[in-house]
Amino acid sequence: MSATSRFTAATAGVQTPSISSMARSGETLFLRSFSAHPQVHVVHDLRPTNTAAEARLFQLLRLWPANQIDRAALTAVLGSPVAPGATHLLLKQGVFQPLHAWRGLVLLRNPYAMYLSLWRYDAQQAGEPDEPARHDAHWRQRRLPRLLAWTDAMDPALGAQLRQLDDPLSQFLLFYAVRARQLLASGQPVLLYEEFVNQHAAALPWVCEQLGLPWHEALLQAHRGFAPGQRGHGGIDLGAPVRPGQDWQPHPAVPLAPFLDLVQQLEIGPYAQSY
């Protein structure tokens with residue numbers, strides 16, 4: 001909760017705020033939490049596979065020229081009316097640049113913890129043990145192609161720079177530095193993943209304020225809208241309550257120094273103090 005900008009709701013139509021972040025930064029957990037708000041309709045990427053209606057709505061909103069959309073257009077795209085009480089379509093803006101000046105929230109995570117999470121997630125997806133010896137292979141086979149696809153669409157100059165680097169750590173540090181600077185320069189309020197999970201009850205009302213939403217107690221029990229063990233996008237358990245995150249531990253295969261330099265350069269104070 002590192003900024004105080006407010007998303008102001010317009011008087012007509014349904015608002016389209018976005019969360020913008022990077023992989024393994026808590027996007028699905030954030031969407032799960034706000035799916036419980038009676039005025040929020042989560043657009044896509046909450047569950048492992050998007051429905052046809054979710055895909056259509058996402059494709060529409062990524063090209064929509066304004067921060068709101070009328071209900072008739074929504075009904076035409078979805079094939080059925082959006083819930084009458086929905087005033088906000090919550091969109092994950094991770095793989096596109098909107099055609100309008102976006103409004104919403106930036107979600108950041110400690111880059112060291114994020115790097116380890118990417119490493120472990122890719123090993124899990126490959127069905128292999130989380131072993132340092134396989135890290136480079138997982139990165140090149142699974143993670144790097146995704147990053148390059150993202151940069152080729154969003155920032156070709158960054159993609160060219162990434163291709164000139166040989167090792168995964170250097171590629172990650174460069175990507176995080178460029179993307180974090182983009183997000184921080186957006187002027188949107190910033191929520192740290194660690195604050196969201198460790199100070200959850202305090203973070204939720206703050207987020208509501210930023211998005212122009214009234215507070216609703218259902219946000220504290222969002223997991224009850226899903227079956228225990230029901231998997232969401234990125235493999236999270238949608239039916240599990242938000243629990244304080246465990247402090248990350250340095251891994252012998254991943255040096256701390258370059259990450260400390262990174263967070264100091266980005267001036268993300270809470271992260272610089274954690275190394």
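**Close-up 1. Asp 122 and its salt bridge with Arg 143.** At 2% relative accessibility, Asp 122 counts as buried in this predicted model, where buried means under 20% relative accessible area, exposed means over 50%, and partly exposed covers what lies in between (1.4 Å probe, protein chains only). The side chains of Asp 122 and Arg 143 meet in a salt bridge, with 2.7 Å from N to O; the term stands for a side-chain nitrogen of Lys or Arg within 4 Å of a carboxyl oxygen of Asp or Glu. The pair links distant parts of the chain, 21 residues apart, since Asp 122 belongs to helix 4 (residues 111-125) and Arg 143 to helix 5 (residues 132-154). Helices (H or I, at least four residues) and strands (E, at least two) are DSSP runs, numbered from the N terminus. Arg 143 is also buried, with a relative accessible area of 6%. Residues are numbered from 1 along each chain as its sequence is written, and side-chain values use heavy atoms, with hydrogens and water left out. Because the model is predicted, local features need pLDDT of at least 70 and side-chain atom pairs count only at pLDDT 80 or more, whereas totals for chains, interfaces and linings use all residues.

Close-up 2. Side chains of opposite charge can pair when their charged atoms come close. The structure holds 7 salt bridges, and one of them joins Lys 92 to Glu 27, the closest N and O atoms being 3.9 Å apart. Lys 92 lies in strand 5 (residues 88-92) and Glu 27 in helix 1, so this pair ties together parts that are 65 residues apart in sequence. Lys 92 is buried, with a relative accessible area of 9%, and Glu 27 is buried as well, with a relative accessible area of 10%. Another salt bridge is formed by Glu 128 and Arg 134, whose closest N and O atoms are 2.8 Å apart. Here Glu 128 is partly exposed, with a relative accessible area of 29%, and Arg 134, at 29% relative accessibility, counts as partly exposed too. Salt bridges that share partners join Glu 27, Asp 45 and Lys 92 into one network.

**Close-up 3. Helix 1 and its contact with helix 9.** Helix 1 is mostly covered, with 8 of its 8 residues buried; among them are Leu 29, Phe 30, Arg 32 and Phe 34. The axes of helix 1 (residues 27-34) and helix 9 (residues 200-211) come within 12 Å and cross at roughly 75 degrees, which makes helix 1 roughly perpendicular to helix 9. Axes are lines fitted to C-alpha atoms, for helices over the stretch in contact, and angles run from 0 to 180 degrees between N-to-C directions; angles under 35 degrees count as roughly parallel, over 145 as roughly antiparallel, 65 to 115 as roughly perpendicular and the rest as oblique. The contact (heavy atoms within 4.5 Å) is made by Phe 30, Ser 33 and Phe 34 of helix 1 and by His 200, Leu 204, Val 207 and Cys 208 of helix 9.

Close-up 4. The axes of helix 6 (residues 156-164) and helix 7 come within 9 Å and cross at roughly 160 degrees, which makes helix 6 roughly antiparallel to helix 7. Leu 158, Gln 161 and Leu 162 in helix 6 meet Gln 171, Leu 174, Phe 175 and Val 178 in helix 7. Gln 171 has its place in helix 7 (residues 168-184) and is buried, with a relative accessible area of 4%. Not counting residues up to four places away in sequence, Gln 171 touches Trp 139, Leu 144, Leu 162 and Leu 165.

**Close-up 5. Leu 148 in helix 5.** Leu 148 lies in helix 5 and, at 14% relative accessibility, counts as buried. When residues up to four places away in sequence are not counted, Leu 148 touches Gly 159, Leu 162 and Arg 163.

**Close-up 6. Helix 4 packed with helix 10.** Helix 4 and helix 10 (residues 257-266) pack at an angle of about 130 degrees, with their axes 9 Å apart, which makes helix 4 oblique to helix 10. Pro 111, Tyr 112 and Tyr 115 in helix 4 meet Phe 259, Leu 262 and Val 263 in helix 10.
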